[in-house]
Amino acid sequence: MPMSLVKYPLFQSAAARRTVHRHGANCVSDLCFLEEWASGRAKSSAANILRASQIRRTNPTLVQEIDRTLPASAPPRKHS
């Protein structure tokens with residue numbers, strides 16, 4: 001039986017790529033959101049602000065790493 005290939009979104013940060021390979025598909029949504037939030041592409045709604053704050057509290061090192069490893073063309077956005 002052939003092995004199925006799981007396709008993930010193209011992440012901008014090395015931190016997101018490492019995390020998805022460690023933890024699998026269950027973290028893809030949060031990683032996509034974090035990169036969009038950090039780059040300023042996510043809408044600044046109350047729900048998104050709350051989500052960014054919760055992820056930041058539970059994964060501060062990951063959030064810092066995503067901010068640090070985003071391409072230079074994407075200005076970092078504060079997560080609070």
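This briefing describes the fold, the core and selected contacts of one protein structure. The model is predicted: local features need pLDDT of at least 70, side-chain atom pairs count only at pLDDT 80 or more, and totals for chains, interfaces and linings use all residues. Residues are numbered from 1 along each chain as its sequence is written, and side-chain values use heavy atoms, with hydrogens and water left out.

**Overall fold**

- The protein has four helices and zero strands; helices (H or I, at least four residues) and strands (E, at least two) are DSSP runs, numbered from the N terminus.
- Along the sequence the pattern reads α-α-α-α.
- Of the 80 residues in the protein, 36% are buried, where buried means under 20% relative accessible area, exposed over 50% and partly exposed in between, with a 1.4 Å probe and protein chains only.
- Among contacts (heavy atoms within 4.5 Å) with a separation of 6 or more, 52% join residues 24 or more positions apart.

**Helices α2 and α4**

- The axes of helix α2 (residues 28-39) and helix α4 (residues 60-69) come within 10 Å and cross at roughly 55°.
- Axes are lines fitted to C-alpha atoms, for helices over the stretch in contact, and angles run from 0 to 180 degrees between N-to-C directions.
- On the α2 side the contact is made by Leu 31, Leu 34, Glu 35 and Ala 38, and on the α4 side by Leu 62, Val 63, Ile 66 and Asp 67.

**Nonpolar core**

- The largest nonpolar core has 18 residues, of which Phe 11, Val 20, Leu 31, Phe 33, Leu 34, Leu 62 and Ile 66 touch the most other members.
- A nonpolar core is a set of buried Ala, Val, Leu, Ile, Met, Phe, Trp, Tyr and Cys residues joined through side-chain atoms within 4.5 Å.
- At least two residues of this core come from each of α1 (14-23), α2, α3 (46-58) and α4.
- Helix α2 supplies the largest share, six residues.
- Phe 33 is in contact with Ala 42, Asn 48, Arg 51, Ala 52 and Ile 55, leaving aside its neighbours within four places in sequence.

**Cys 32**

- Cys 32 lies in helix α2 and counts as partly exposed, because its relative accessibility is 23%.
- Leaving aside neighbours within four places in sequence, Cys 32 is in contact with Pro 9 and Phe 11.
- Leu 10 is 22 residues from Cys 32 in sequence and 9.1 Å from it in space, C-alpha to C-alpha.
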